[in-house]
Amino acid sequence: MTQNGGGRGLTRRPTLWRASLSSNSDVASVKQSIVRHVQSSLGRDEYSATKRDRYHALCLSVRDALIERWVNTQQTYYHSNARRVYYLSLEFLMGRALRNALVNLDMLEVYESALVEMGTSLAEMEELGVDAGLGNGGLGRLAACFLDSMATLQLPGYGYGLRYDYGIFRQDIRDGRQVEEPDDWLRLPNPWEIPRPDYDVRVKFGGRLQVYADHNGRLRHRWVDTEDVLATPFDTPIPGYNNNTVNTLRLWRARGTAEFDLGDFNVGDYVGAVEHKVLAENITKVLYPNDNVYSGKELRLRQQYFLVSATLQDVIRRHLVKHDNLDTFADKNVFQLNDTHPALAIAEMMRLLVDENGYAWEKAWDITTNCMAYTNHTLLPEALERWNVDMLGRLLPRHVDIVNEINARFLKTVQERFPNDAGMLGRVSIYEEGDAKRMRMAHLAVIGSFSVNGVAALHTDLLKSRVLPDFYKIWPDKFNNKTNGVTQRRWLKSCNSPLAELITSKIGDGWITDLTELQKLTQYVEDDGFLEQLAGVKRAAKLRLAEHVKRRFDFTLDPDAVFDVQIKRIHEYKRQLLNIFHVIHCYLQLKRDPSYFKNPRAFLFGGKAAPGYAMAKLVIRLINAVGRAVNSDASVSHKLRVFFYPNYNVSGGELLFPAADISEQISTAGFEASGTGNMKFALNGALTIGTLDGANVEIAQEVGDDNIIIFGKTVEEVEELRHNGYNPRDYYYADQNIREVIDLLSGEFFNLDEPGVFGPIVDTLMNGDFYLVLADFEGYRKAHLEADAIYSDRRRWGQITLMNIAKVGTFSSDRTISDYVRDIWKVERFPVLVNQ
């Protein structure tokens with residue numbers, strides 16, 4: 001597919017590029033298409049083709065339908081001279097593409113029928129698909145949902161990221177420990193991507209600066225003697241739902257400017273001959289290199305700059321195809337920076353405008369600050385990136401100069417506006433002084449953007465009051481909220497088709513593109529027949545999960561038990577520790593009183609710990625150790641089960657979200673920016689047990705107090721407790737339930753073969769408990785007793801299930817993207833027409 005701008009040296013002839021839609025509209029033509037690709041694309045026949053060959057041919061057949069729409073989409077944007085939005089993210093957690101593409105193309109049924117006639121099934125073929133781990137969790141999955149919504153809403157939007165050779169590690173659990181294995185997702189050809197080497201761009205590092213006078217006598221900077229790396233784009237089609245729009249996710253791969261040095265090779269230095277190639281390709285070798293060491297930090301910085309430089313050069317190239325200069329660049333292009341990772345885009349945009357295109361500083365700054373928008377995703381101080389200035393100066397000397405100038409001009413205006421606040425200059429400066437001077441990327445992002453948004457109402461309030469209060473004082477109108485959302489196409493229609501079909505049978509299919517239509521389900525809240533159908537759909541989802549877990553992990557789950565699920569990145573603030581402490585408490589109670597729970601309970605955990613995060617990895621060990629003890633104890637295992645789902649990813653979520661009865665959203669109040677798992681669980685009918693944190697606040701407002709269980713200290717109560725001097729030992733001595741759990745853990749009950757291994761957990765809780773596990777334990781325990789009592793009333797439980805589904809319409813990523821369009825991006829919809 002030719003992107004806007006065409007091939008180099010080609011004359012654009014739009015009519016030649018306008019294709020008719022794929023004829024894969026009936027079973028016979030689908031079968032013919034698949035067989036054709038087996039033969040002509042893969043060079044196989046019916047005897048030599050493997051199952052994977054057939055899967056690859058299937059994907060290519062679906063891709064044919066996408067490409068025809070893809071070409072027309074780009075032509076539409078080009079000829080309409082559309083204002084475009086570019087979503088810059090170091091993470092895109094897309095999940096498997098096959099079913100999602102078929103759903104959005106409205107071809108699911110015809111392909112399912114064709115595959116059955118060919119002696120297989122779509123489900124069987126899907127298992128051969130790769131779940132590319134190009135993200136760590138919510139950040140990357142949100143980006144994927146946003147791309148789906150932009151295409152469905154027919155918006156001229158693009159995703160830009162990195163094509164990592166190895167994604168987030170594959171998690172194995174051995175002897176209860178997390179073991180990281182490489183995620184070699186590209187070991188086999190990726191049928192969905194298309195390389196675009198004609199659009200390679202050169203990205204510079206290192207070198208030195210030359211100052212010279214231009215023909216007008218103005219001083220200019222030239223960046224010379226650099227180490228150059230080529231960025232090669234790989235494009236993936238992103239189809240909208242039931243329309244002709246197919247947008248683009250462009251991922252950059254790094255490679256050397258030369259494959260090898262022939263001179264070194266000829267004198268026998270074979271390692272030196274390919275050294276530059278290896279060093280260059282390291283940039284996109286792995287997602288999240290270990291940044292506990294200097295080389296890892298440097299590589300991470302290289303990744304961030306590589307993304308923004310390649311992307312901005314590409315967008316400028318595309319703009320100049322249609323325009324003579326960059327004067328109107330901000331009118332036609334807007335960049336959304338997904339957290340601080342792409343914040344160097346601000347400095348790079350200034351470099352490209354001033355150094356490469358001859359703009360005066362003031363005009364360049366006006367263009368830059370009118371095309372950059374920043375989304376903050378964190379309230380954790382350690383997650384607000386701060387880069388060592390010495391490292392920056394060595395890798396990106398011109399950018400340090402540019403940021404120095406940005407900072408000096410900004411501080412001058414601050415001093416003029418707030419002459420009586422002596423400390424403000426230090427608080428808002430881009431630079432943090434100390435033993436090592438650091439560049440605060442969040443500050444650069446705020447200063448260089450026209451919009452700064454949080455991702456939940458509470459999160460945005462805390463940005464204004466706690467994280468960036470001085471900037472809010474300077475630019476109150478710049479701050480706004482855009483509560484996150486999820487795409488219902490993947491997280492309901494695709495992953496839970498029985499529920500989707502039941503909903504559609506009652507209210508029609510308008511909810512697929514307008515999730516607020518689900519409100520119509522409230523008319524069935526007293527309909528016992530519908531509630532029974534809903535319960536049957538949930539049990540079927542639980543049975544699917546149980547069969548999958550048995551087949552893949554040889555672990556038995558009872559589908560009649562309450563499935564209590566916490567699946568998310570392992571972090572202390574997300575409080576998986578609170579959850580497993582409660583499991584230990586339940587174990588002790590059931591040993592004494594088998595009727596403590598009226599209903600059998602299966603506690604399901606999933607998530608990855610960062611390789612260098614020792615405490616998070618220790619929590620995984622504790623979960624598995626408790627699971628071994630509980631599951632092997634015949635006196636309780638029929639009432640209580642614990643399972644850690646290894647290598648949790650998007651495909652795992654597509655099984656777990658539909659099957660969950662209870663959604664665990666239990667972060668310490670004031671630490672979770674938003675969360676989107678909470679939305680997926682509610683959309684699939686789970687009851688939330690949660691704190692008033694992130695988007696839980698808004699979910700509670702939507703579903704109502706009777707359909708969610710809220711516990712724990714609020715943000716204000718957390719701050720007050722800390723202010724007054726929180727002592728976790730007070731809770732230990734005052735609460736027998738807490739004391740029993742801590743004492744059992746201290747007594748090595750779960751680790752007799754490894755004495756002391758869980759000592760750091762006990763020490764952390766008894767001597768600080770920063771995330772208030774002990775302070776919130778009693779409220780959490782009571783919340784679970786309440787949930788158990790409600791579950792015993794199956795009619796009431798069914799009503800809660802229905803109300804959660806019906807009331808979460810506002811949490812569609814379609815609504816989120818519409819809010820971005822209205823308040824930030826100001827882009828228009830462009831329906832794509834095709835020749836039939």
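**Notebook: a parallel sheet and some helices**

I looked up strand β18 (residues 562–567) and found 2 bridges joining it to strand β21 (residues 662–665), the two running parallel. I take strands as DSSP runs of E of at least two residues and helices as runs of H or I of at least four, numbered from the N terminus; strands pair if DSSP finds at least two bridges between them. Val 565 has Ser 663 in β21 as its bridge partner.

The model is predicted, so I note that local features need pLDDT of at least 70 and side-chain atom pairs pLDDT 80 or more, while totals for chains, interfaces and linings use all residues. Residues are numbered from 1 along each chain as its sequence is written, and side-chain values use heavy atoms, without hydrogens and water.

I then read the open sheet: 6 strands, paired in parallel, in the order β20-β19-β18-β21-β22-β23. β20 (640–645) and β23 (709–710) are at the edges with a single partner strand each, so one side of each has no neighbour in the sheet.

Next I checked helix α11 (residues 294–322). Its 29 residues reach 43 Å from first C-alpha to last, close to the 42 Å expected at 1.5 Å a residue (1.5 Å times one less than the number of residues). I count 21 of the 29 as buried, meaning under 20% relative accessible area with a 1.4 Å probe, protein chains only.

Last, I looked at the contact (heavy atoms within 4.5 Å) of α23 with α34. Residues in α23, including Phe 530 and Leu 531, meet residues in α34, among them Leu 802 and Ile 805.

Definitions and conventions
Buried < 20%, exposed > 50% of the residue type's maximum accessible area, 1.4 Å probe, protein only.
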